[in-house]
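Grab a pencil and work through these exercises with the model open beside you. Each task comes with a solution that goes step by step.

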Amino acid sequence: MAGIQQPPTVLPAGVPAGLPGSGQASDGHPDGSQPGSHPGIRRGRAAAFIRRHKLAPYLMLTPALIGIALVLLWPLLQVVIYSFQNYSLMQITGVAPTQWVGLANFTSTFKDPEFWLSLRNTLLLAIVVVPATLIVGTVVGVVLNRLGKKMAIFVSTAALMAWATPPISAAVLFYWLVNPDGGVVDWVLSKLPHWLVGSTNWAQYNWTTTGAFQAYVVIAVLVVWQSFPFIAVSVLAGLKTIPGELLEAARVDGASSWRVFRKITYPLLKPIFLVLLLLSVIWDFNVFAQTYIVTGFPGNQNEYNLSTYLYDKAFASMPPSYGLGGAIALIFALILLVITIGYVRTSVRQGALT
Amino acid sequence: MSAQSADVGALRSAAGAKTGRVSAPGARRARTNRRIRWAGLNGFGVIIALATLFPLFWMISTAFKSSNDIYSLTPSLLPSHWTLGNFREVISGQVSGIGSVWLFFRNSLAVTLSTVVLASLVSLLASVAVARFRFRLRASFLVMLLIVQMIPAQALIIALFLDFKRLNLLQNLLGLVIVYAAQALPVSIWMLRNFVATIPRELEEAAAIDGASSFRIFWRILFPLVAPGLVATSIFAFITAYNEFIVALTFLGQAHSDYTLPIYVTYFFGRGGAEWGPIMAASTMYTIPVIIFFLFVRRRLVGGLTAGAVKG
């Protein structure tokens with residue numbers, strides 16, 4: 001649920017996990033038969049009842065189930081319902097009745113060129129940022145693994161700081177970096193020779209309003225900056241599980257770094273890469289805070305991604321249309337569900353349910 | 001050794017390394033190569049670190065600059081003279097017009113800490129249930145967690161907004177705590193259940209035989225042993241709540257005095273004609289605490305959060 005790698009946000013949520021050093025292994029107790037049957041002194045009828053009917057696990061799950069059901073599952077169901085209704089301010093206040101409108105919200109969404117534009121922006125961002133993050137993160141992870149201890153701590157601390165930066169802070173900061181009035185990026189570009197940076201007049205170049213492309217260049221760099229550390233740290237953790245002699249030996253024998261990576265590291269870390277790939281896709285689809293700030297929401301409609309488009313239709317447009325917003329949310333959720341199923345299947349295959 | 005036979009060689013010399021069989025000229029060449037690589041690697045490491053740190057450095061540097069420095073035609077790395085003026089404006093609340101940064105700091109802290117406590121308690125209970133008992137629908141519950149943690153807040157925000165409006169929990173920090181805690185649950189339960197599973201069951205059984213009550217067993221035996229896991233999930237819940245944007249943005253609306261830090265920074269940023277000095281000062285005050293927090297828990301964070309991907 002966390003936003004983008006907010007990052008951290010975003011975290012390796014629920015990756016089938018064992019914490020390192022915990023010597024975790026799937027617990028092999030064939031204990032199913034007598035859950036919670038401590039032969040202790042029985043206390044009270046209620047306790048006896050709970051024990052007899054094996055209610056303990058259900059009782060312990062209840063608070064979590066209530067929270068998840070009320071805040072995650074029920075709203076999801078409601079959104080599905082809204083998406084087939086004409087739900088808006090009039091219906092909330094009771095001025096007009098709520099009506100089922102069939103697929104009207106979906107057809108008008110599909111007819112809206114803004115929807116396709118925002119879908120395109122979302123897809124392009126993911127197509128660029130996912131591989132970029134994975135490549136940069138992997139390279140940094142591999143380098144971290146080979147650096148001396150002090151140097152590795154220095155580099156990983158730097159990366160950690162980028163990762164720790166809240167998305168809103170990072171977005172406002174990048175907006176300032178590329179600001180046409182006093183931003184340092186334009187100043188540096190204007191000082192560089194033309195053969196390197198082209199003949200554009202970079203002084204006072206406006207990254208955020210010139211066009212969707214320029215704005216998304218900024219967003220892409222921002223998202224990569226915030227999310228590569230997580231990939232790097234995950235890859236590093238994976239590399240630690242590969243016996244050092246194996247890599248060292250290959251290197252001594254003259255194998256190039258690339259070859260070592262392709263023939264040894266990659267095959268061994270493939271499961272990690274698969275999970276990281278899926279998580280990255282999900283995160284990069286969800287980017288909201290960064291696009292909200294960098295595109296100056298609700299300023300430039302042609303710079304929306306699916307998240308900001310949805311937000312605009314549901315809250316910023318007049319009148320707000322919850323039905324339309326619901327339809328967009330559903331389309332959005334369905335796209336993510338496809339990716340999520342891939343993620344869940346991978347996790348289950350890796351033994352997550354034990 | 002030629003590149004073609006490198007992977008065979010890798011295996012062979014892995015065996016060779018054990019017996020210490022490495023030819024002398026090969027060793028010398030390897031040493032030279034290693035030295036060049038070492039320099040290259042460290043140079044690369046420094047570049048990565050500096051490039052990564054630059055934006056944050058610029059944020060802090062801007063926060064201490066005067067307007068003259070900030071809008072100078074040739075930006076300088078460090079302020080020509082350091083000033084606390086931007087921070088003073090942010091703290092007095094004059095530039096934002098909605099209050100001192102401390103107010104929003106307090107709001108964020110209250111929401112974040114409440115979320116951490118609530119999410120930890122609830123997920124600890126649930127994780128013990130999942131790790132210690134085999135019951136019907138256990139696997140379904142786990143799969144459900146995996147799926148719901150992927151539902152983006154954007155998809156739910158409309159329904160959450162309308163529901164919490166009906167409950168009168170919109171312009172209210174409690175509403176945020178409830179949503180954040182629930183959002184943190186799936187991941188927290190996943191992480192904690194692995195910790196609980198590693199605790200030897202015999203400990204609890206021994207205590208039970210000695211006549212300890214369930215509560216006592218939980219509190220005196222299970223709890224101390226899962227504490228490291230709780231730290232990891234607390235960090236996760238902390239980040240979720242401290243960074244959260246879309247729900248706070250939607251829920252808080254015009255309730256300025258309830259703004260959390262990200263909404264405050266956004267409001268400040270979105271106000272026309274805001275000066276970059278105070279905005280960067282506000283961002284700095286929002287960012288630095290969480291960076292310091294991260295550095296403190298660095299070890300655990302790196303271990304705890306990445307462990308999952310490693311199991312493979």
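**Exercise 1.** Decide whether N168(B) counts as buried or exposed, and say where N168(B) lies.

*Solution.* Start with the cut-offs: a residue is buried if 20 or more other C-beta atoms lie within 10 Å of its own, exposed if 12 or fewer, and partly exposed in between, with C-beta atoms placed from the backbone. N168(B) has 9 C-beta neighbours inside 10 Å, so N168(B) counts as exposed. Next, find its place: the loop between α7 (153-166) and α8 (173-198) of chain B. Helices (H or I, at least four residues) and strands (E, at least two) are DSSP runs, numbered from the N terminus. Finally, check the backbone: N168(B) isn't a glycine, yet its phi is positive, about 60 degrees.

A word on the ground rules: this is a predicted model, where local features need pLDDT of at least 70, side-chain atom pairs count only at pLDDT 80 or more, and totals for chains, interfaces and linings use all residues. Residues are numbered from 1 along each chain as its sequence is written, while chains are lettered from A and ligands numbered from 1 in the order in which they are written.

**Exercise 2.** Find where α8(B) kinks, and work out how enclosed the helix is.

*Solution.* Now the kink: about 40 degrees at L185(B), shortly before the proline P186(B). That bend is the angle between axes fitted to the seven residues ending at a position and the seven starting there. Then the burial: 23 of the 26 residues are buried, so α8(B) is largely enclosed by the rest of the structure.

**Exercise 3.** Over in chain A, describe α2(A) and say what covers its buried residues.

*Solution.* Helix α2 (residues 56-82) of chain A has 27 residues and reaches 37 Å, close to the expected 39 Å. There's a bend of about 40 degrees at A69(A). Its buried residues include M60(A), L61(A), A64(A), I68(A), V71(A) and L72(A). The cover includes α1 (44-52) and α15 (322-349) of chain A, together with α5, α6, α7 and α8 of chain B.

**Exercise 4.** Locate the cis peptide bond between F297(A) and P298(A).

*Solution.* Going from F297(A) to P298(A), omega is near 0 degrees, and the bond is cis. P298(A) sits in the loop between α13 (289-294) and α14 (306-316) of chain A.

**Exercise 5.** Work out which helices of domain 1 of chain B touch domain 2 of chain B.

*Solution.* Take the bounds, from an automatic or database domain assignment: domain 1 is 23-83 and domain 2 is 90-311. The contact (C-beta atoms, placed from the backbone, within 7 Å) takes seven residues from each of these domains of chain B. On the domain 1 side, α2 (24-63) and α3 (67-70) of chain B each supply at least two residues. The largest share, four residues, comes from α2(B).

Definitions and conventions:
Two residues are in contact if their C-beta atoms, placed from the backbone, lie within 7 Å. The expected span of a helix is 1.5 Å times one less than its number of residues.
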